[in-house]
Amino acid sequence: MSSIEETIKKLEQKTKIIRSYIIKMLAEAGSGHPGGSLSAVEIVTALYFHVMNIKPEEPYWPDRDRFVLSKGHAAPVLYAALAEKGFFPVEELWKLRKTGAMLQGHPDMKGTPGVEISTGSLGQGLSAANGMALAARLDGRKSRIYVLLGDGEVEEGQVWEAAMAAAYYKLDNLMVFVDHNHLQIDGHVEEVMSPEPLKDKFNAFGWHVVEIDGHNLEEIIQAVETAKGIKGKPTVAIAETIKGKGVSFMENQVDWHGKAPSREQMKKALEELGGVLDA
Amino acid sequence: MRKEKMATRDAYGKTLIELGRQNRDIVVLDADLSKSTRTEYFAKEFPERFFNVGIAEQNLMGIAAGLAASGKIPFASTFAVFATGRAYDQVRNTIAYPGLNVKIAASHAGITVGEDGASHQTFEDISLMRGLPGMTVIVPADAVETRFAVKKAAEVKGPVYIRLGRPKVPVIFDETDYSFELGKGIILREGKDATIFATGIMVSRALEAADVLADKDVDVKVVNIHTIKPIDEDLIIRCAKQTGAVVTAEEHSIIGGLGSAVSEVLAENYPVVIKRIGIQDEFGMSGDAGELLVHYKLTSKDIVEGVESCLKMKKAL
């Protein structure tokens, strides 16, 4: 096996663990957002377990790469990755959304190691990422900033203020993934308020745009490598994804945007995910 | 009071240069109002540390948050109405909730914006910022106090809102014997009949009112409350105990600002008669700043009348 094949195989195994964590923590919590967490698993897994230069034992290491989960409701995918990476004990996952627990319904940077910025009110993460990218440049650090936007989230005007600024400031240390799963709470993104044509919009805003399969780890990693080589402009990867990916009864179902699985549904989902985690 | 006049925004702009020379982590952001907010002074000396994000206040606050999350000390400036209103959710969720070290220094607060009218005059900014957990709120009374307040804001960790004004206002304090203590009011004049708690441009007016009242044999204490949050509870209670009557004066709505803060403290600790001088529950309008201050009853004469009505209430108790 070539080294990339081995890498992909290891990452694929990680995605099963991450998905299983997501399902179990949401079932334990009794509320939360599975659909948009599951659609972003490959992107987040590739970033945390292959791409990013981070030190879980030193979460505030100044030269680290940073990940901004702008679509904050997908907190479970971030928490799963952080726990698996060792930023905090996996047991914290089972206390998600509980009174007094560390893991809040939406990411809270103040209380959670590894969370780079508090998000939840949509459309704000890219602005903060711009600030991080500017700070890295001012300090002469090699840090790279990665952002995950939702395809419904880009309906927020602030995203485009930030997109304009990132290109104006030539932030080539910044890379965005759009989790293009085509669903938002009230239905199909294209029907509620279409952001299309997304590619043309980002192009017009001065970004380097790549289109990838957001569930293909190799394509994600390749997009990151491409972005590293693009000078003088930020890169966006529009990642075609399936909301609820990996759990048969959740895939492409708008109702699974913000609903937790029951115990029975959790068991079924964990089985489908290869039984890497006990119910 | 000296004869000299200077706008608090001018003092802010000059102080930023001082800070910029002392600390490389100071960065300044503006949203296409750098000439008005005076951040252009900093921009000229430190262009690499100045970010004009254009007419995009939401992005302004978000970028400031990201810079702060990476260890910078950002001062984000625009008009007060936009900083606190247009970008309220960004200030709330991305700055205040995580407690990020962003300094929001907003100019053109209050009715003295003048001719631009109601869309640009905010009387609710203190209220909005005061309601945010962990947000420090400072309203300097003059240029000297502004300089000290801005330097203090850069020193303390966490979000700070500094309210600045457009017009030239009297310089009250002497730089050589002024000291700024965050959260501590300053007694400017002793008196036994009533206390005037004033903030911002109303401090100099309160001092004028005290002179007028002295001629009428009314002896009032004047206290400068430059920090609205955290409010100086001890001093407010002590003054209320000493004088038994309180008047508040602010270039802000009587809802949610200094008047509310003082009333809250006294209602829970030492109820006395209170009269709030400020803008009533209404929007502003275009006009000359001086004329608007008269129209909205924010003159020393209005403070005098406030004290007199307060003393009448006190007597009737």
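User: Taking a polar contact as a pair of N or O atoms within 3.5 Å, where within protein one must be able to donate a hydrogen and the other to accept it, and residues adjacent in sequence count only if both atoms are side-chain atoms, how many residue pairs are in polar contact across the interface of domain 1 of chain B and domain 2 of chain B?

Analyst: This is a predicted model, in which local features need pLDDT of at least 70, side-chain atom pairs count only at pLDDT 80 or more, and totals for chains, interfaces and linings use all residues. Residues are numbered from 1 along each chain as its sequence is written, chains are lettered from A and ligands numbered from 1 in the order in which they are written, and side-chain values use heavy atoms, with hydrogens and water left out. Chain B is divided into domain 1 (5–170) and domain 2 (186–316), with bounds from an automatic or database domain assignment. Across their interface, with both residues at pLDDT 80 or more, the number of residue pairs in polar contact is 18.

User: Which side chain meets that of Arg130(B) in a salt bridge?

Analyst: A salt bridge here is a side-chain nitrogen of Lys or Arg within 4 Å of a carboxyl oxygen of Asp or Glu, and the count between the two domains is 1. The N to O distance is 3.0 Å, and the partner of Arg130(B) is Glu264(B).

User: How much area do domain 1 of chain B and domain 2 of chain B bury between them?

Analyst: Buried area is the accessible area (1.4 Å probe) that two parts lose on being put together, summed over both. Carbon and sulfur atoms carry 58% of the total, which is about 2,300 Å².
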